[in-house]
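Biologist: Please take one part of this model and look at it closely. I would like the sheet, strand by strand, and then a word on the helix.

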Amino acid sequence: MTTPIASRLHKAKTFLMLWGSGWKRRKLPSATSYRIEWQDPASGAWYGDRAALRLLKVQALAPYDRPESARGGYCQRF
């Protein structure tokens with residue numbers, strides 16, 4: 001079980017990472033509360049928190065999945 005402080009810090013971290021990367025946020029009302037979705041700036045599709053964070057991670061790590069020859073000289077030195 002997470003504490004209220006940990007929950008708020010996680011929500012703040014999620015917001016800052018996605019919003020700082022150009023994702024747009026929207027609230028969808030539901031029967032009991034609301035749902036937050038994030039719009040991918042590249043595709044325009046809307047995702048929930050977890051899926052958006054997973055997609056952001058994949059996009060951030062994509063340049064490092066290329067073969068060594070495709071990387072620049074900077075990466076080869078370090």
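Modeller: The model is a predicted one. Two bridges join β2 to β3, and these strands run antiparallel. The two form a hairpin, with six residues between them. In that turn sits G44, which has a positive phi of about 85°.

Now go to the other partner of β2. Strand β2 covers residues 34-39, and six bridges join β1 to it. This pairing is antiparallel too. Two of the contacts can be named. R35 in β2 is the bridge partner of L28. W38 in β2 is the bridge partner of R25. β1 and β2 also form a hairpin, here with four residues between them.

Put together, the three strands make an open sheet in the order β1-β2-β3, with antiparallel pairing. β1 (24-29) and β3 (46-47) stand at the edges. Each has a single partner strand, so one side of each is left without a neighbour in the sheet. As a general point, strands of a sheet pair through backbone hydrogen bonds.

Last, the helix. Helix α1 spans residues 4-20 and holds W19. The relative accessible area of W19 is 54%, so W19 counts as exposed, the cut-off being over 50%.

Note on methods:
Residues numbered from 1 in each chain as written. Predicted model: local features only at pLDDT ≥ 70, side-chain atom pairs only at ≥ 80, totals over all residues. Heavy atoms only, no water. Buried < 20%, exposed > 50% of the residue type's maximum accessible area, 1.4 Å probe, protein only. Pairing = 2+ DSSP bridges.
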